[in-house]
Amino acid sequence: MSNGGTPLAQARALYRVDSELAAPPELADPDTLLNAFHPDHLRSSVVKLAVGANAGENCQRELAQQLQAEAFIDEADLAGAPVTDTDVLIIGGGGAGCAAALAAAGRGARVLLVTKLRLGDSNTVMAEGGIQAAIEPDDSIQRHIQDTLRGGHHAGDPELVSAMAQDGPEVIRWLIEEGMQFEQTASGDLHTRKAGGMSAARIMHCRDYTGLEMMRVLREAVIQHRGIEVWEHSPAVELLSNERGQKCVGAVFTSLLDGRFRIVRTHSVILATGGLGRLHLNNFPTSNHLGATGDGLVLAYRIGAQLRDLDSFQYHPTGLVHPPYLSGKLVTEGVRAAGALMLNAAGQRFVDELLPRDIVCAAILRECAEGRGIRVDDGRVGVWLDTPRLERSQPGMLERQFPKLLARTQMSGIDPRSEPLLIHPTLHYQNGGVVIDVNGATTVPGLFAVGELAGGIHGRNRIMGNALLDIISFGRRAGVAAISEHDRGPKKVTLEHVNQARRALTLAGMPLTQRAPQILPDYAAKGIWNR
Amino acid sequence: MEPLTSILLHPERRVGADMARWAAAGGGQALARAAQDPAGVRVAIREADLRGMGGSGFTVWRKWEAVAAELPKPDKYLIVNGNEDEPGTFKDRMLLEETPHQVIEGALVAALAVGANRVVFYVNPDLKQSLAAVDAAIAQWHASERLAQASKALGRTLELSLRPASGHYIGGEETAAISWVEGGFPFPRGKPPYPAQAGVHGCPTLINNVETLAHVPHIVVHGAEWFRSLGKAPGTGTKLYSLSGDVLHPGVYELPMGTTLRELIFEHGGGLLSGKPLKAVFTGGPSCSLLTPVNLDVGLDFDSLRACGGSLGTGAMIVVSEGTGIVKRVAEYMRFFAHSSCGQCNSCKVGTATMSRLLDRIDTGRGTAADLDTLENLCALLPGSGRCHLISGTVQLLDSSFRHFHNEYRQALR
């Protein structure tokens, strides 16, 4: 990603908070810019899938390697593995998984929720902006649907979008009943605000940690529910299928603590494993949490589920570059909305900061690629987010509105009030995913997918506030639908679908060397996970 | 790989429920001959040594002669058994779906040969496409002259009907099928009386498997000698093998009866997946048993396999490669049988459940030497104690896994 650039110390010395700024150059042709610099548009980053339900379709290169990889386990690994039976198995302990668990358990099902790390270790807690629902008098469900479809470049599934938008007000009511706090107006109404791509004020929020507050509530509810059992530190390594490999009847888990395999048999499996930022597609940093390695996509694809929009990802323009341990962490879009500008190493503006995310990303990448970026010691490059100038024009603003940002940067000795932040686009969200219907059911019987893992809702671009609504809306729908799955006959649990996948790979002449799912990023797995 | 011997699954015959195309491929000739000489059909079947393809391998002509010898009381039934629910078996659904007229013609030839006037197609309710194909095909027979001509030859009206089965595994047993066709729960009955004497509502009843009947028209047209020459002695004719498990190309293969396991797996099935060594093969059927690599060159026909202690069953071959736990597989089968037991006979109801529980314990690492001992004693005690063959077949599988893989059971103990 680097091509020269000014060293950090030198750029810091050059920076002046009171320099005169010219307006950014007019952007003549956004498409040319996108085609040249946006990772989704790079021809080298897209390949055609050779096997599976989406064979022949476009897919991001690194993701394709994961989807067309060999399984971790063989039947032999399951010998002597303890077996647990449950009505509904939920894989993933983020917002969507918890919502599904509560919905299913609330209707009397025995629920087992298994999560790779700890309950609540998820991207849900990272959501800062808020949650959308059409509750204002001048707003309507219809407008919410239209905004979402337009924001997704009309690639979304109108049926899914409509289901989600209709759930909106009820989702907010349910969250409040569960105990979630929202910002209120002086008169006690829910406080709403408008964000990019919205035709009405529709975002409800809790300071700049809405997702964290949501997860707090969901987590407590799940822990307290007697019908829900939770296994932590237990990544799923494979799903289980019936003897024809055509229905999902359970899953195999390992343990990060003792490495032993466990088998769970069930009537229906809800995958809620979230996104794949930690695969670092195209070598991008990511805003995602440590466990976001796209395991659910791999497992669903191997058992035959249809996926969609596998070449469309959302890159957030403002991820931190420096300090290194915060690499990829998000600076909320609100900072730019509040008036913060972006500067290159020469101290010049290069793009209108409030253009859509994909265009701003491409513009930043162009600066970095053409040597106008700022380089840190390890070679990574970024541009300035001019927070001191914002502070200078509106004193006290950062402290009032962005306490989380301030706390996070100050911990590493950077004060954004006096020093600009070095930023670079960061892999933020997986727009596509597993194809689902309005109940979250995938194309494989017995298998549901909800949350970021599922595709079709946000089209090829997600607008702010819809992610949190998506996870609760479809999480609850899937939880209800999953308990109506039942089977006559005993559940014969096999790895037949793994055999089928292996057969397809062999026939397509693909190597069986790479294994997936990844479970943890390489750099995190050292010493604790030696697969 | 040599070309497959395609009789039943010849591409020209796989036309679905399309009577014109079926007739163009030679369909209907056998029925015309049978109408002339029903007794001659029985002779041809006898000389061809056609066997019951549903798993028993019973000689077909004996059943036919027994039914033919009975007087109608007032009817005679023919049940076409398409319950197909055996693990790893998926041949009958293919015949019903892709060649329904071939099966119907075979059934009508059989009906003429034994004097049956009511023909019931008894098909697994989960096989939606097969049901649809048979339904459409029967409608075409009703609309055509052929059925009327066959009725004329029989001397009374031939009735074709489709009866979706119960969906219970045990419903594939012949007396259970009779109970279901009568309108009751598919409980198997004790024999005698045999169905040939007293079947559906006390009437003489012939029950044959779908694949068995599909062979009949070809034997009638081409003769017994031709049919015998298709097989590899002592096998006669062709067999549909359902190949599944850890092979590269699973599927249904129509091969000479008596083809060796080696040819089936390595020539036709493309060898084992990922090049792993062969560990065992589960043959599907009411009394499935295990084959091991030493049986690779045994001919896959009823007599050769029986001679080496196995059984061909339905012709299902579930291939298991090295790296697969036998205990887990057998425990899964046992769970299937315990679930499938109809519960009439105590020894079977309690026996399969107990064996399943003990195997589950051993499989999940909680079993003791005493559990294994109990299982071995049950294997000696239980066979032959039920009205039908389920409990005996169950024990046969367990017993054969003990014989070949006793070590694995020992290692799995706590």
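Predicted model: local features only at pLDDT ≥ 70, side-chain atom pairs only at ≥ 80, totals over all residues.
Residues are numbered from 1 along each chain as its sequence is written, and chains are lettered from A and ligands numbered from 1 in the order written.

I looked up the axes of helix 15 (residues 346-363) and helix 16 (residues 369-381) of chain B, which come within 10 Å and cross at roughly 150°. Helices here are DSSP runs of H or I with at least four residues, numbered from the N terminus. I listed the contact (C-beta atoms, placed from the backbone, within 7 Å): helix 15 of chain B supplies B:Gly351, B:Thr354, B:Met355, B:Leu358, B:Arg361 and B:Ile362, and helix 16 of chain B supplies B:Asp371, B:Leu372, B:Thr374, B:Leu375 and B:Leu378. By class I noted six nonpolar, three polar and two charged residues in this helix contact.

I then checked the domains of chain B: domain 1 (11-229), domain 2 (231-321) and domain 3 (326-412). The C-alpha centres of domain 2 and domain 3 of chain B lie 23 Å apart. Their contact takes eight residues from domain 2 of chain B and 10 residues from domain 3 of chain B.

Last, I recorded confidence: chain B averages a pLDDT (predictor's confidence per residue, from 0 to 100) of 93, with 98% of the residues at least 70. I noted ipTM 0.73 and pTM 0.85 for the model.

Technical notes:
Axes fitted to C-alpha atoms, helices over the stretch in contact; angles between N-to-C directions. Helix = DSSP H or I, 4+ residues; strand = E, 2+ residues; numbered from the N terminus. Contact = placed C-beta atoms within 7 Å. Nonpolar A, V, L, I, M, F, W, Y, C, P; charged D, E, K, R; others polar. Domains from an automatic or database assignment.
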